[in-house]
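Work through the exercises below with the structure in view. Each task is followed by its solution.

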Amino acid sequence: MSTLLTKQELEIQLEDFRHILSNFDYSSLKNISFLNLDAFFAYMENVEGNPFKAQYDALQSKLDILQPYLPFVSANRANEFIEALSHTHSDEEVTAVKQTFTKMLRDDFIKFSRTLTTNDQWQRIVSVCEEIRLRKEEMLLALH
């Protein structure tokens with residue numbers, strides 16, 4: 001199990017994520033437009049030697065660290081997750097559902113983060129992630 005980030009570490013990781021996302025350089029593509037972020041993700045995952053690999057890898061690396069603190073961005077997505085888990089009958093099925101929703105959660109977080117236009121909106125996200133971190137900290141303390 002990974003170690004729990006401190007409040008300060010979480011804030012730093014979130015700011016690093018925001019910086020990478022807001023400074024994504026699309027200039028190397030002269031004649032390609034993406035219809036939406038899903039098309040961009042498909043491009044990133046399937047085109048070898050794409051010009052965004054380093055930036056995308058840096059973004060994914062930050063998400064690896066932030067993953068335990070990311071909220072569902074909609075009640076519908078949370079309900080889909082619970083519904084999918086309710087239909088599992090084995091540990092393997094639970095693992096498969098978790099893997100599927102982990103990717104969705106990360107993609108949703110990127111999409112949502114790109115819609116934020118003010119520092120106040122960003123600070124609300126930081127606060128939600130901190131609430132999740134605090135709950136995890138409380139659970140760990142309760143175990144000891």
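This is a predicted model: local features need pLDDT of at least 70, side-chain atom pairs count only at pLDDT 80 or more; totals for chains, interfaces and linings use all residues.

**Exercise 1.** Does Gln67 count as buried or exposed, and why?

Solution. Residues are numbered from 1 along each chain as its sequence is written, and side-chain values use heavy atoms, with hydrogens and water left out. Buried means under 20% relative accessible area, exposed over 50%, and partly exposed in between (1.4 Å probe, protein chains only). Gln67 has 17% relative accessibility, so Gln67 counts as buried.

**Exercise 2.** Find where Gln67 lies and what Gln67 touches.

Solution. Helices are DSSP runs (H or I, at least four residues), numbered from the N terminus. Gln67 sits in the loop between helix H3 (53–66) and helix H4 (75–86). Contact means heavy atoms within 4.5 Å. Leaving aside residues up to four places away in sequence, Gln67 touches Thr102, Leu105 and Arg106.

**Exercise 3.** Describe the salt bridge of Asp38.

Solution. A salt bridge is a side-chain nitrogen of Lys or Arg within 4 Å of a carboxyl oxygen of Asp or Glu. The partner of Asp38 is Lys111, with the closest N and O atoms 2.5 Å apart. This pair links distant parts of the chain, Asp38 in helix H2 and Lys111 in helix H5, 73 residues apart. Asp38 is partly exposed at 42% relative accessible area, and Lys111 is partly exposed at 26%.

Notes: Helices (H or I, at least four residues) and strands (E, at least two) are DSSP runs, numbered from the N terminus.
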